[in-house]
Amino acid sequence: MREIDENQENLKSLILQAKEGNSEAFEEVYRNYYTPLFRYILTRIKDRAEAEDMTQIVFMKIWNHIPSWNTEHTSPLAFFFTVARNTLIDHFRKNKQEVVSDEIVYNLSLSKDSGEDITKDREIKEEIRNAILKLSPDQQEIIILYYMNDMTYREISQMINKQEDAIRQLHSREVKKLREIY
């Protein structure tokens with residue numbers, strides 16, 4: 001927990017520097033948070049190139065919104081993922097598409113060295129993916145944000161505008177449901 005707090009403070013510091021016009025600070029934010037945002041977007045969009053483009057759009061929006069971002073009311077990660085989430089919603093509305101969720105556990109684990117381990121990892125990954133797909137889209141999103149993007153309940157609650165206790169309860173129910181399914 002202490003490491004998360006230190007990361008949040010470092011991120012806030014970088015954003016405040018970027019708010020003052022320091023583009024190098026924003027480049028540091030970009031380098032550190034590109035991958036988590038990309039993974040989040042990739043879980044919703046099948047096409048890797050399109051997910052990369054969308055991640056770039058998200059960072060442009062973040063850059064444009066930094067001057068109005070309030071460090072006291074929203075955590076940096078919640079701010080970033082809210083921008084990503086809203087960008088995805090706009091994209092799907094514009095294209096009249098449904099959210100694609102079959103890439104949910106795309107990066108859950110890295111493959112191990114032996115061929116047997118790689119096969120076993122793929123099988124486990126596929127089983128987990130199938131279990132997660134049986135959850136509602138909202139439940140899937142909480143699981144992704146919590147486990148894949150290491151967001152706290154508070155950050156998730158800020159992002160999706162639900163009470164922190166409600167997120168905690170939903171998460172608990174989702175994990176129980178996944179255990180039953182898996």
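Two residues are in contact here when they have heavy atoms within 4.5 Å of each other.

**View 1. The protein chain as a whole, in a predicted model.** The protein chain holds eight helices and zero strands, where helices are DSSP runs (H or I) of at least four residues, strands are DSSP runs (E) of at least two, and both are numbered from the N terminus. Of its 182 residues, 40% count as buried, that is, under 20% relative accessible area with a 1.4 Å probe, protein chains only. Residues are numbered from 1 along each chain as its sequence is written. Because the model is predicted, local features need pLDDT of at least 70 and side-chain atom pairs count only at pLDDT 80 or more, while totals for chains, interfaces and linings use all residues, and side-chain values use heavy atoms, with hydrogens and water left out.

**View 2. Where helix α2 meets helix α4.** V29, Y33, P36, L37, Y40 and I41 of α2 are in contact with L77, F80, F81, A84, R85 and L88 of α4. The residues of this contact divide into eleven nonpolar, no polar and one charged, with Ala, Val, Leu, Ile, Met, Phe, Trp, Tyr, Cys and Pro counted as nonpolar, Asp, Glu, Lys and Arg as charged, and the others, Gly among them, as polar.

View 3. T87 is buried, with a relative accessible area of 4%, and its side chain reaches the backbone oxygen of V83 at 2.7 Å. Leaving aside neighbours within four places in sequence, T87 is in contact with M54, I57, V58 and K61.

Notes
Buried < 20%, exposed > 50% of the residue type's maximum accessible area, 1.4 Å probe, protein only. Polar contact = N/O pair within 3.5 Å; in protein donor to acceptor, adjacent residues only side chain to side chain.
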